[in-house]
Amino acid sequence: MTDASAQAEGADPLATSRLSRGARLGRLAAKQTLRRATVKAGSVVVGEARRERMLDRSSERMARDFVAVLGDMRGAAMKIGQLLSLIDLGIVDERSRPAFRRQLSKLQGTINAMPFATMRPVIETELGAPVEELFAEFDVDAFAAASIGQVYRAVTHDGRDVAVKVQYPGVRTAVRADLKNLALFLRMWKSTVPTVAASDFLAEIDYELAREVDYRQEAASQTRAAMSYAGHPFIHVPRPVDELSSDSVLTTEYVAGAMAPQVAQLPAAERDRIGEIIYRFYLGSLFRDCEFNGDAHPGNFVYLPDGRVAFLDFGLYKHMAPEAVDFERRAAQLCIAGDGEGLRTLMEQYGVLRPGSKVSAHDCLEYTLDAAGWNFVDDYVAVEPIDVSAALLGVVNPAAESFRTMRNERLPPEHLFSRRLDFLVFGTLSQIGAGGNWFQVAAEWIYGAEPVTELGRAEARWREQRAGQDS
């Protein structure tokens, strides 16, 4: 085993102080503002064609800066970049957006890895022995590097191929710094977006990200999901290896297959099938099991050669109370039926609308359709990035009418996270170019309808078999 090559190329040590991390984000924002102003000033004296080339180059540099800064920062900051890669918020002009997203998509997979010499002490301290004793083989070149840690391929002494995820030294401090900066930014927006600046929402974010840097908690969640989906016809969750896992090291079964960029090149019918599997895993589990993996993005699934899809990264695994899930189901039923009065009454009873709220039944219906209407169209819907943008901006953009009517109301934090999941799934489907009749699939858990797709029928048979074994 040698780590010379890994030491030769790698990222700088992780900055962990709140001041330094906040300053880096501030410098990035200032740099982009100056760049836009420079391009705008230059466009006064140049022709239209040259101006467009300047904008294209400026947008490309902006995307590269985002990747370099957020990727190097890792932690919660990097997750901002992952979100921007899925959802187009109009940061650049329309003609430059595809190139901008392509650059940011690098944050979904491998970024510059830290040298193995930096990561080795984490493994050996946490697991209590030299790497050479812990594993029969260990590839010191990380094959993935993400927001919280990076991943290595290894072989156990009993011959199992495994993936070893190792947390960056200092990342917990970095995440805490990012959360404090986020709290400051959100409080600055309190007059504009009261809901997301509320203390309970900030507490929910803090709680969820604290869980994400706790690999023992992630291992427990992933083990639970692996057991839940054991023998599933098209969903696979790699099992953790408990004896080779700790607070900062998570060893799991290794899976190999096609990642999102390769899936996006497959024939349309195959992409649609994979999209339905993704939709069923993330959103179906919320309604059927009252729990879900909250970190849906293109870097967290692998399309296996046998046609199954393996799902990775269970750091943000969310449990919801049955009554909260029932509220989501009833709200969906009323929205589909166009029953604005019933929806408003439900929201009032559940505490979403404040006492004496002036929000109308029509407002409630429009806001819900803006947020989740793509699930309710009884037709084939091919998801495009611009559709994700429109849906998100409809619920967070102060210029949008639906936002202005609902801005002073209060959606409980757990439901804000389920809406986040909606947008992330929507964005992931857009990245691979998947389409489908999402309403027909969702009808299974919204109404208890019989499945109409091949995958739905296969899953129903599997659930019946599982129920028979448990009884």
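**Figure 1. Overview of the predicted chain.** The chain contains 21 helices and twelve strands. The structure shown is a predicted model. Of the 471 residues in the chain, 54% are buried. When contacts between residues at least 6 apart in sequence are considered, 73% of them join residues at least 24 apart.

**Figure 2. Close-up of the pairing between strands E4 and E6.** Strand E4 comprises residues 161–167, and strand E6 comprises residues 249–253. The two strands run antiparallel and are joined by five bridges. Within this pairing, Val162 stands opposite Glu253 in E6. Is strand E6 mostly covered or mostly uncovered? Strand E6 is mostly covered, with four of its five residues buried.

Figure 3. Strand E9 covers residues 309–311. Strands E8 and E9 run antiparallel and are connected by three bridges. In this pairing, Val302 stands opposite Ala310 in E9.

**Figure 4. Close-up of the crossing of helices H13 and H20.** Two packed helices are described by the angle between their axes and the distance between the axes. Helix H20 spans residues 438–446, and its axis comes within 10 Å of that of H13. The two axes cross at roughly 30°. Angles under 35 degrees count as roughly parallel, and H13 is therefore roughly parallel to H20. The crossing of the two helices is right-handed.

**Figure 5. Close-up of the residues in the contact between H13 and H20.** On the side of H13, the contact is made by Gly275, Glu276, Tyr279, Arg280, Leu283, Gly284, Phe287 and Arg288. On the side of H20, Trp438, Val441, Ala442, Glu444 and Trp445 take part. How do the residues of this contact divide into nonpolar, polar and charged? Seven are nonpolar, two are polar and four are charged.

Definitions and conventions
Residues are numbered from 1 along each chain as its sequence is written. This is a predicted model: local features need pLDDT of at least 70, side-chain atom pairs count only at pLDDT 80 or more; totals for chains, interfaces and linings use all residues. Side-chain values use heavy atoms; hydrogens and water are left out. Buried means under 20% relative accessible area, exposed over 50%, partly exposed in between (1.4 Å probe, protein chains only). Two strands pair if DSSP finds at least two bridges between them. Axes are lines fitted to C-alpha atoms, for helices over the stretch in contact, and angles run from 0 to 180 degrees between N-to-C directions. Angles under 35 degrees count as roughly parallel, over 145 as roughly antiparallel, 65 to 115 as roughly perpendicular and the rest as oblique. A crossing is left-handed if the near helix is turned anticlockwise from the far one by less than a right angle, and right-handed if clockwise. Contact means heavy atoms within 4.5 Å. Ala, Val, Leu, Ile, Met, Phe, Trp, Tyr, Cys and Pro count as nonpolar, Asp, Glu, Lys and Arg as charged, and the others, Gly among them, as polar.
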